[in-house]
Amino acid sequence: MSAEQNLVKQCKAGGREAFQTLYCLYAPLLLSVIRRYIDNEDTVRDLLHDSFLKIIKDFQRFEYRGEGSLRAWLSRVCINQALMWLRSGEHRFTDSMESIPIQFSEEPQEEEVDKLSEEQLMSFIRKLPVGYRTVFNLYVFENLSHREIGQALGINEKSSSSQLARAKKILANQIKAYWNSKE
């Protein structure tokens, strides 16, 4: 039995120490998952707390399906908490920003993107408007289709596709500006 399977077994038995171990092992990863969607650190920490309450409450329903399934389930719980928070606020996933023109220069070269640190790239993603950022994250990191994104956010597929395209243009501009400032 792997360490992950053993931890799942202990959590299913309701062991407090097991849940503390689960938190210690996965909290840093889950904070970074939530940060992809939310840019306020206090809210990120609140959502991690809410996510772990839900994880503890719903752990009996978790079904271990092999190495990595625990991480995937924990991440999904956090993403769902972040999306619920975004939908509950004044954040609207509509085409309201579609009319804002985006100045677009040329796309960055592949090596310009590759030379960026993960931290710098995530910083650029966090600067995207909330709707664009959310669609970008769901499409790129969660591998959802535009139909699935539309269902999750209450928008149509074309809005999802359009917001993704605009997010990519903004990111391209940020990357070009970053390297131009280094010259």
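Trainee: How many disulfides does the count come to here?

Mentor: First the general idea. A disulfide is a covalent bond between the sulfur atoms of two cysteines. Now this structure, which is a predicted model. The count comes to zero disulfides. C11 is in none, and the nearest cysteine sulfur, that of C24, is 12 Å away. The cut-off is 2.5 Å. C24 is likewise in no disulfide, with the sulfur of C11 nearest at 12 Å.

Trainee: Is C11 buried or exposed? And C24, buried or exposed?

Mentor: Read the relative accessible area. Under 20% is buried, over 50% is exposed. C11 has 1%, so C11 is buried. C24 has 60%, so C24 is exposed.

Trainee: What share of the chain's residues is buried?

Mentor: Of the 183 residues in the chain, 41% are buried.

Trainee: Next, the fold. How many helices and strands does the chain have?

Mentor: Nine helices and zero strands. From the N terminus on, the elements read α-α-α-α-α-α-α-α-α. The C-alpha trace spans about 55 × 35 × 30 Å along its principal axes.

Trainee: How do I read sequence separation in the contacts?

Mentor: Start with contacts between residues at least 6 apart in sequence. Then ask what share joins residues at least 24 apart. In this chain that share is 70%.

Trainee: Which domains does the assignment give?

Mentor: Domain 1 covers 3-87, and domain 2 covers 110-181. Their centres, taken over C-alpha atoms, are 24 Å apart. Ten residues from domain 1 and eleven residues from domain 2 take part in the contact.

Trainee: How do I read the area buried between domain 1 and domain 2?

Mentor: Buried area is the accessible area two parts lose on being put together, summed over both. Here domain 1 and domain 2 bury about 960 Å². Carbon and sulfur atoms give 56% of that area. On the domain 1 side, R36, Y37 and L83 lose the most area to domain 2. Together they make up 54% of what that side buries.

Trainee: How many salt bridges cross the interface of domain 1 and domain 2? How many residue pairs are in polar contact there?

Mentor: There are three salt bridges across the interface. Four residue pairs are in polar contact across it.

Trainee: Which helix gives the most to the side of domain 1 that touches domain 2?

Mentor: Helix α4, residues 69-88, with five residues.

Methods: Residues numbered from 1 in each chain as written. Predicted model: local features only at pLDDT ≥ 70, side-chain atom pairs only at ≥ 80, totals over all residues. Heavy atoms only, no water. Buried < 20%, exposed > 50% of the residue type's maximum accessible area, 1.4 Å probe, protein only. Domains from an automatic or database assignment. Contact = heavy atoms within 4.5 Å. Buried area = accessible area lost by both parts, 1.4 Å probe. Salt bridge = Lys/Arg side-chain N within 4 Å of Asp/Glu carboxyl O. Polar contact = N/O pair within 3.5 Å; in protein donor to acceptor, adjacent residues only side chain to side chain. Helix = DSSP H or I, 4+ residues; strand = E, 2+ residues; numbered from the N terminus.
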